[in-house]
Amino acid sequence: MEGSLGQNHEHQEFTLVSISKLPSSTSTSSSSTSSTPVVARFGGESGAAELRFRQEADSDDLAFDLRTSQIFRLGSVQSVCISKDDTSKEKSHSRGVTIQFRNEEESSAFHSAFDKRKEDDIVQGTHLPNGTISSLKSKFDDKIESSSAKMYFHYYGQLLHQQNMMQDYVRTGTYYAAVMENRADFTGRVVVDVGAGSGILSLFAAQAGAKHVYAVEASEMAEYARVLIAGNPALSQRITVIKGKVEDVELPEKADILISEPMGTLLVNERMLESYVIARDRFLHQNGKMFPTIGRIHMAPFSDEYLFVEVANKALFWQQQNYYGVDLTALYGSAFQGYFSQPVVDAFDSRLLVAPSISHVLDFTNIKEEELYDIDIPLKFVATVGARVHGLACWFDVLFNGSTVQRWLTTAPGAPTTHWYQLRCVLSQPLYVMAGQEITGRLHMVAHSAQSYTIHLTLSAKMWGPGAEQGGILQSSSCKLDLKEPYYRMSQPQAYPVVQDQQQHQLIPTQDLSIQPKDLEDADLMLHASPNSGAPLNSLI
């Protein structure tokens, strides 16, 4: 390393082994590699935010504007520098170089210098070409509070959580089948894996013949992904792991297909769908494919006396009038409402549904990011049985709309259980309905900065019988829930009797059900359920 850095940070130079130009998104030419040592120089004639590469035998410099450039490690002595070029009036594109350092120490020093120059020249007030000042704060950071993001990326940066998802064989097997059955969509194509995690989907895409896969991962899992991919040398040459958020990183070329697993509880939890849509707008060619292509949220009213009593009984602790000499009853009402503000995540028997389900479609190929901030779904059902309605049951499915095969991944009750299970919003005041009675309402989900949603649910029972056309609402019940804080009940579907005991205020002693070894055996058996269990999901209608 050769440094000539003065007090004013005007110049700093590094000697590199070589650089290799990456093909730009607007060029079909192959990359070229320098055969002689290269000098990289930070600064400019006036100390501008600039990085120049000069080959000793070549008088032409390759210049990068640090204000629009980013650098990523590919290995201990290899990195890639990518810059977004906005000089074209018609459209912008990215270009980049792969940098080979002499040793790991010089690689670290170069990265430190790169980061330092960006901080000095941009954060401290260097003006961008349009006259605005960049704070280097991404769109993700504007929407999401830092504490939530820190916990989120820490969680997904651990192998045990990646293993939990990979061992969901319904999830992983469906992704594998969707990719392999649609090799024509991947062969010879550029793929971007959005939120790549362990890199397993990138490896699937490479197995299907992808020309190159860019695996974008913001958590520390990116380092594990590099190790896993390097351990598969037949595929690793066609996969590049880029550590960063899709909102921030630059890629050297556009993608023909995006692949991602952006689904959370109730499809939208964790707000990764927004990052998936941003990746579409930033990286995907027009008419490019997205795997998954669409998502559907399914909803139906349910009756479950056991669950209702279980939730209600949790607050009985606060009815004690002599808890070590203290009267706790003043907090009973708040505790009662608090337990009913938690969505319940578990697997339930589909026979608990009291009306056919309806669905709300999210088309990932054309939905706007802002449409995911506020999701308002009108509800209308006709009860098929007389029962007490205890709330709204929800699940989701996604479609991989391949050119060869259309494949669904479903989390529906009765289908093989996934790590998403199903979700139920429980009303603190149940509704009474008769067979044929209309149930209306609204499911309103508002995104918040903790990477989740506040759920507002209202269900109403309309007048029933003769004269119902002129009648109004008989009874109505509402609740407010935080999707970020669910009650993970997660028991296997229980063998409920056909007719449940509907006695009001019956207190049934309950406890949280843990998954026993026998449950795991049952779950394994569920994977071999009849393929007809998901038959109704083979149509968008």
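Predicted model: local features only at pLDDT ≥ 70, side-chain atom pairs only at ≥ 80, totals over all residues.
# Helices, loops and backbone angles

Visitor: Is the crossing of α5 and α7 left-handed or right-handed?
Guide: Helices here are DSSP runs of H or I with at least four residues, strands are runs of E with at least two, and both are numbered from the N terminus. A crossing is left-handed if the near helix is turned anticlockwise from the far one by less than a right angle, and right-handed if clockwise. By that rule, the crossing of α5 and α7 is right-handed.

Visitor: How are α5 and α7 oriented to each other?
Guide: Axes are lines fitted to C-alpha atoms, for helices over the stretch in contact, and angles between N-to-C directions run from 0 to 180 degrees. The axes of α5 (residues 169-180) and α7 (residues 200-207) come within 9 Å and cross at roughly 25°. Angles under 35 degrees count as roughly parallel, over 145 as roughly antiparallel, 65 to 115 as roughly perpendicular and the rest as oblique. The α5 and α7 pair is therefore roughly parallel.

Visitor: How many nonpolar residues are in the contact of α5 with α7?
Guide: Contact means heavy atoms within 4.5 Å. Thr172, Tyr175, Tyr176, Val179 and Met180 of α5 meet Leu201, Phe204, Ala205 and Gln207 of α7. Ala, Val, Leu, Ile, Met, Phe, Trp, Tyr, Cys and Pro count as nonpolar, Asp, Glu, Lys and Arg as charged, and the others, Gly among them, as polar. The contact of α5 with α7 has no charged residues, 2 polar ones, and a nonpolar count of 7.

Visitor: How are α11 and α12 oriented to each other?
Guide: Helix α11 (residues 305-313) packs against α12 (residues 332-340) with the axes 8 Å apart, at an angle of about 140°. Phe308, Val311 and Ala312 of α11 and Phe336, Tyr339 and Phe340 of α12 make the contact, which by class holds 6 nonpolar, no polar and no charged residues. Given the angle, α11 and α12 are therefore oblique.

Visitor: How many of the 12 residues of α10 are buried?
Guide: Buried means under 20% relative accessible area, exposed over 50%, and partly exposed in between (1.4 Å probe, protein chains only). The buried residues of α10 include Met272, Tyr276 and Phe283. Helix α10 is largely enclosed by the rest of the structure, because the number of its 12 residues that are buried is 10.

Visitor: What is the relative accessible area of Arg271?
Guide: Most residues other than glycine have a negative phi. Arg271 is not a glycine, yet has a positive phi of about 60°; Arg271 lies in the loop between β12 (255-260) and α10. Arg271 is buried, with a relative accessible area of 8%.

Visitor: Which residues does a cis peptide bond with omega of about 5° join?
Guide: Most peptide bonds are trans. Pro292 lies in the loop between β13 (284-291) and β14 (294-302). The cis bond, with omega about 5°, joins Phe291 and Pro292.

Definitions and conventions. Residues numbered from 1 in each chain as written. Heavy atoms only, no water.
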